[in-house]
Amino acid sequence: MLYLRNLIYHPTACPTAILKSINLELASQQLGLIIGPSGSGKSTLLEILSGLAEPTSGSLFWREQELNAEEMQQLAGLVFQFPERHFCGGTLLEELRLGHPELGKERVTQALAEVGLEHLSLSTSPHALSGGQQRRLALAVQLIRQPHLLLLDEPTAGLDWSMRRQLVNLLAKLKKNWTLLVVTHDAGDLLPIADRCWTLNHGELKSVDPLALGAQKEPQPAV
Ligand SMILES: Nc1ncnc2c1ncn2[C@@H]1O[C@H](COP(=O)(O)OP(=O)(O)OP(=O)(O)O)[C@@H](O)[C@H]1O
Ligand SMILES: [Mg+2]
């Protein structure tokens, strides 16, 4: 369970706080969705949750334990917006083992299987993949570290309809094993798989019912 208590981010150079007393609770193996317009503070919040920035005040807890930025770096894996722009490995194997040369082939193959890319050769260049496959690879790059919390910044941005659909299905599958927090300005595709939902406006987070935002209930499997 992730808890944020009265989290404020107010860099001294800013006239007003970017994040204003954020309170949030997200249970394990759930997908939380934060919807907010451009400039509302979505990426800033993910930077704090991934330990890249320190909050001005407030606390972050995982289960019962309060964590500092360094501990959040261990706990969370952040997939940036347009993650494919940051690929720097020459092959899938290199990309997945960047910073973790100790990881064996088995972990690499397992991470690719998690995102449905197990059929690709490890010597393929990341740049030779389709847009949807590149997004999957970016997820695998984080999953290989086995973080407890997966943070995603606009994961469906720039994908066409069928690739968006595939990515949403993949996220629905991943939440069976991981806790996911997704931020987006356009909730459309992701609402049906969200367990919790919030809106973020000018740094103020408010809880909303996904069903009230127009999410259809997930179809129940036929008995
Ligand atoms: N280090 C910083 N110093 C000053 N202002 C900042 C800093 N980082 C972000 N901001 C400001 O904080 C606000 C929130 O930015 P943020 O990037 O988190 O928004 P966002 O919701 O992710 O927007 P988008 O949808 O366009 O990605 C913006 O007004 C931005 O200009
Ligand atoms: Mg952003």
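At what angle do helix α5 and helix α6 pack, and how far apart are their axes? The views below are of a predicted model, in which local features need pLDDT of at least 70, side-chain atom pairs count only at pLDDT 80 or more, and totals for chains, interfaces and linings use all residues. Residues are numbered from 1 along each chain as its sequence is written, with chains lettered from A and ligands numbered from 1 in written order.

**View 1. Packing of α5 on α6.** Helix α5 (residues 131-143) meets helix α6 (residues 161-174) at about 25°, axes 9 Å apart. Helices are DSSP runs (H or I, at least four residues), and strands are too (E, at least two). Axes are lines fitted to C-alpha atoms, for helices over the stretch in contact; angles run from 0 to 180 degrees between N-to-C directions. The pair is therefore roughly parallel (angles under 35 degrees).

**View 2. Residues joining α5 and α6.** G131, G132, R135 and R136 of α5 contact M163, Q166, L167 and L170 of α6 (C-beta atoms, placed from the backbone, within 7 Å). These residues divide into 3 nonpolar, 3 polar and 2 charged. Ala, Val, Leu, Ile, Met, Phe, Trp, Tyr, Cys and Pro count as nonpolar; Asp, Glu, Lys and Arg as charged; the others, Gly among them, as polar.

**View 3. The open, mixed sheet.** Its 6 strands run in the order β6-β7-β8-β3-β9-β10. Edge strands β6 (76-79) and β10 (204-208) each pair on one side only (pairing needs at least two DSSP bridges). Strands β3 (residues 31-35) and β9 (residues 196-201) pair in the parallel sense over 4 bridges. I34 has W198 of β9 as its bridge partner.

Conventions:
Angles under 35 degrees count as roughly parallel, over 145 as roughly antiparallel, 65 to 115 as roughly perpendicular and the rest as oblique. Two residues are in contact if their C-beta atoms, placed from the backbone, lie within 7 Å.
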